[in-house]
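Reader: I have a model open and would like to go through how its parts pack. Can we take it piece by piece?

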Amino acid sequence: MKQSETAEEREDRIRQICARLAAAYPDAACALTHANAFELLVATILSAQCTDERVNMVTPRLFQKFPDPASLAAAPAAEVEECIRSTGFFRAKARSIIGMAQALMTGFDGKVPSTMEELTTLPGVGRKTANVVLGVAFGIPGLPVDTHVTRITNLLGLVDSTDPVRIEQEICDEVPREDWTLLSLRLILHGRAVCIARRPKCQQCVLNTLCPSARSLS
Ligand code: SF4
């Protein structure tokens, strides 16, 4: 928070940040190709340390071979690993998605649960992944905090922390619930296109008059 900023000014600044991001990224949407909550959950786990484009290249074949929790739960690890190899960390990811599918079969009747508490009991599923699934698959507002959201909310002076849980709590306290999911998606797009790590394009940034970090980074 800027030293001299009043609560009212801060509220207004946050409102403007959300509005400008909405205008800049009107079509923000989850870029992971999926047909249902199960596919989104798998794709989101695979997207760790990997681009969405790369994940979208491997998931059609993966879902063709293992289209539901039952088939993935019974899948040989080597076959899954072979399908997802190019996403990196493929052994750990194969373990996670097979374990996740097994947990769906044993604990949730083969269905993806729709609460944060239940989702985060699944192997490989943390708050970020759970928030993606809640927001995108179930329309339940959530604020996934990834590296872009962490960096930009700090640069904007909205938070002063690298702890994703704390960032999620603090931003959710100040932003209307219905905006959480899209705000996260828009910050991620902004982080890829403009507020790039270590070389932000402040001159071109729609937030530059609202950002306390703009001048020093230009
Ligand atoms: S003004 Fe610069 S530092 Fe601030 S959000 Fe925009 S690109 Fe990032």
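Reader: Which residues of helix 5 and helix 6 meet?
Author: This is a predicted model. In it, Ala77, Val80, Glu81 and Ile84 of helix 5 meet Phe90, Arg91, Lys93, Ala94, Ile97 and Ile98 of helix 6. By class, the residues of this contact are seven nonpolar, no polar and three charged.

Reader: At what angle do the axes of helix 5 and helix 6 cross?
Author: Roughly 120°, and the axes come within 9 Å. Helix 5 is oblique to helix 6 because of that angle. Helix 5 covers residues 77-84 and helix 6 covers residues 90-107.

Reader: Left-handed or right-handed, that crossing of helix 5 and helix 6?
Author: The crossing of helix 5 and helix 6 is right-handed.

Reader: Next pair. How do helix 2 and helix 3 pack?
Author: Helix 2, residues 37-46, packs on helix 3, residues 52-65, at an angle of about 135°. Their axes are 10 Å apart. Angles over 145 degrees would count as roughly antiparallel, so helix 2 and helix 3 are oblique to each other. Their crossing is right-handed.

Reader: What makes the contact there?
Author: Glu39, Ala43 and Leu46 come from helix 2, and Val55, Thr59 and Phe63 come from helix 3. The contact of helix 2 with helix 3 has four nonpolar residues, one polar and one charged.

Reader: Now helix 1 and helix 11. What is their crossing angle?
Author: Roughly 65°, with the axes coming within 10 Å. Helix 1 is residues 7-24 and helix 11 is residues 180-193. The two are therefore roughly perpendicular to each other.

Reader: Which hand is the crossing of helix 1 and helix 11?
Author: Helix 1 passes helix 11 in a left-handed crossing.

Reader: And which residues of helix 1 and helix 11 meet?
Author: Cys18, Leu21 and Ala22 in helix 1 meet Leu183, Arg186, Leu187 and His190 in helix 11. Sorted by class, the contact of helix 1 with helix 11 has five nonpolar residues, one polar and one charged.

Reader: Changing topic to the ligand. Which residues come nearest?
Author: Cys195, Pro200, Cys202, Cys205 and Cys211, out of 15 residues around the ligand.

Reader: How does the shell around the ligand divide by class?
Author: Twelve of its residues are nonpolar, two are polar and one is charged.

Reader: Stepping back, how many helices and strands does the protein have?
Author: Twelve helices and zero strands. Along the sequence, the pattern reads α-α-α-α-α-α-α-α-α-α-α-α.

Reader: What does the C-alpha trace span?
Author: Along its principal axes the trace spans about 60 × 30 × 30 Å.

Reader: And what is the radius of gyration?
Author: The protein has 19 Å. A compact globule of 218 residues would have a radius of gyration near 17 Å, so the value agrees.

How values were computed
Residues are numbered from 1 along each chain as its sequence is written. This is a predicted model: local features need pLDDT of at least 70, side-chain atom pairs count only at pLDDT 80 or more; totals for chains, interfaces and linings use all residues. Axes are lines fitted to C-alpha atoms, for helices over the stretch in contact, and angles run from 0 to 180 degrees between N-to-C directions. Helices (H or I, at least four residues) and strands (E, at least two) are DSSP runs, numbered from the N terminus. Angles under 35 degrees count as roughly parallel, over 145 as roughly antiparallel, 65 to 115 as roughly perpendicular and the rest as oblique. A crossing is left-handed if the near helix is turned anticlockwise from the far one by less than a right angle, and right-handed if clockwise. Two residues are in contact if their C-beta atoms, placed from the backbone, lie within 7 Å. Ala, Val, Leu, Ile, Met, Phe, Trp, Tyr, Cys and Pro count as nonpolar, Asp, Glu, Lys and Arg as charged, and the others, Gly among them, as polar. A residue is near a molecule or strand if its C-beta atom, placed from the backbone, lies within 6 Å of it. The radius of gyration is taken over C-alpha atoms; the globule rule is 2.2 Å times the number of residues to the power 0.38.
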